[in-house]
Structures are given as structure tokens and as C-alpha cells.
Amino acid sequence: LKVLSVKKQELGPLANSTEIITSINKRIQDAITPDPPNTNTLQMVLSGGLIPTVNAGLPPIIKTFLMEKPKTKINPKELANLISALQTFLDLANEALLVNEKHMKANQQAFHAELVKGRDKLTKLIETAIAKHQKK
């Protein structure tokens, strides 16, 4: 195949953050689609968004773009995309937790409870951040 053109697009921090959340959303959607789902995979995917251990997860993104005073001018459309991605994340996380609860094995109950706690904490942060941002 011959390459006719190459398009390079650099994403700013806000758009990049939205892409990260969109990627998490896709992984959650992919994990809940099979019937029955693989609960090991589902819990692993959920833990990455709800109780991350490898990186800081969503809270720094939320705080940086929705709670702190921006250091540079923020594109309103990009910010709306971020908020939409966060709301989709919450919807998918809630659905995934219900699916996991229905299909999990007895030995997964304790971790499921931790995921629920992570979801509750993150939901509060997201809702507070969006409300704070909308007041501006």
C-alpha cells in the first residue's frame, strides 16, 4: 500500500484528558458487552477507572480542568466534551457494577464492595466539580 498523506494532530492537555476518559469508557463498554461477561476482566477494567493503583486516575483531570483556576484559556467545546465523557463514565461504571454484581463469584464480593466505594467517591467528586464549574 502506498501512503498518500499523513495527518498529524497534536492534542492539548484538555483534549488528551478527554481521550483518556473516552478510552476508559470504551474498555468498560467492551467488558460489559459479552453475555455473560468475564467478571475478572470487568473488575480489572473498573478498578482502573474507579480505584486506580498504577496512576493517579481521573481525580487530577477533574481537579485540573473543573475545580482549579485554569492556567491558560480553555476551549469551551473541549471542556463540554470532557464533561460529557465524565458523565458517560459514571453511567457506564454504574451499569458495569450492576452487571458485575449479577455475575460475580462469591470470592469477588469484597473487591466489588471496594469498587462501589471508589464509584461513590468519584461520583461525589465529579458531581461537585461539574456543579462548581457551572457556577462560574
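## Nonpolar core

The largest nonpolar core has 33 residues, and those touching the most other members are L46, L58, I62, L66, L82 and F89. A nonpolar core is here a set of buried Ala, Val, Leu, Ile, Met, Phe, Trp, Tyr and Cys residues joined through side-chain atoms within 4.5 Å. Two or more residues of this core come from each of α1, α2, α3 (59-67), α4 and α5. Helix α4 gives the largest share, 12 residues. In soluble globular proteins, nonpolar side chains tend to be buried together.

## Basis of the values

The model is predicted, so local features need pLDDT of at least 70 and side-chain atom pairs count only at pLDDT 80 or more, while totals for chains, interfaces and linings use all residues. Numbering runs from 1 along each chain as its sequence is written, and side-chain values use heavy atoms, with hydrogens and water left out.

## Overall layout

The protein chain has five helices and zero strands, giving the pattern α-α-α-α-α along the sequence. Helices (H or I, at least four residues) and strands (E, at least two) are DSSP runs, numbered from the N terminus. Along the principal axes, the C-alpha atoms fill a box of roughly 50 × 50 × 25 Å.

Of the 136 residues in the protein chain, 36% are buried. Buried means under 20% relative accessible area, exposed means over 50%, and partly exposed lies in between (1.4 Å probe, protein chains only). The accessible surface of the protein chain is about 9,000 Å², with 55% of it belonging to carbon and sulfur atoms; areas come from the Shrake-Rupley method with a 1.4 Å probe, and for residues only the protein chains shown count as cover. Among contacts (heavy atoms within 4.5 Å) between residues at least 6 apart in sequence, 82% join residues at least 24 apart.

The loop between α1 and α2 contains P36. A cis peptide bond joins D35 and P36, with omega at about 5°. At the start of α2, a side-chain oxygen of N38 comes to within 2.9 Å of the backbone nitrogen of N40. This pair is a polar contact, a term for N or O atoms within 3.5 Å; within protein, one must be able to donate a hydrogen and the other to accept it, and residues adjacent in sequence count only if both atoms are side-chain atoms.

Helix α2 has 12 residues and reaches 15 Å from its first C-alpha to its last, close to the 16 Å expected at 1.5 Å a residue. The expected span is 1.5 Å times one less than the number of residues. Its buried residues are T39, L42, Q43, V45, L46, S47, G49 and L50, and their cover includes α1 (13-32), α4 (76-103) and α5 (109-135). S47 lies in this helix, which covers residues 39-50. S47 counts as buried because its relative accessibility is 16%. Leaving aside neighbours within four places in sequence, S47 contacts P52, F111 and L115.

The 28 residues of α4 should span 40 Å at 1.5 Å a residue, and the end C-alpha atoms are 40 Å apart, which agrees. At the start of α4, a side-chain oxygen of N75 reaches to within 2.8 Å of the backbone nitrogen of K77.

L79 is a residue of α4. With a relative accessibility of 7%, L79 counts as buried. Apart from neighbours within four places in sequence, L79 is in contact with L14, F65, L66, I74 and H133. L79 and P52 are 27 residues apart in sequence, and their C-alpha atoms are 23 Å apart in space.

## Salt bridges

There are three salt bridges, each defined as a side-chain nitrogen of Lys or Arg within 4 Å of a carboxyl oxygen of Asp or Glu. K26 and D30 form one of them, at 2.9 Å from N to O. K26 and D30 are separated by about one helical turn because they are four residues apart in helix α1. D30 is partly exposed, at 43% relative accessibility.

E114 pairs with K117, the closest N and O atoms being 3.5 Å apart. These two residues are three apart in helix α5, so about one helical turn separates E114 and K117. E114 is partly exposed at 37%, whereas K117 is exposed at 53%. D120 forms a salt bridge with R119, with the closest N and O atoms 2.8 Å apart. D120 is partly exposed, with a relative accessible area of 40%, while R119 is buried at 18%.
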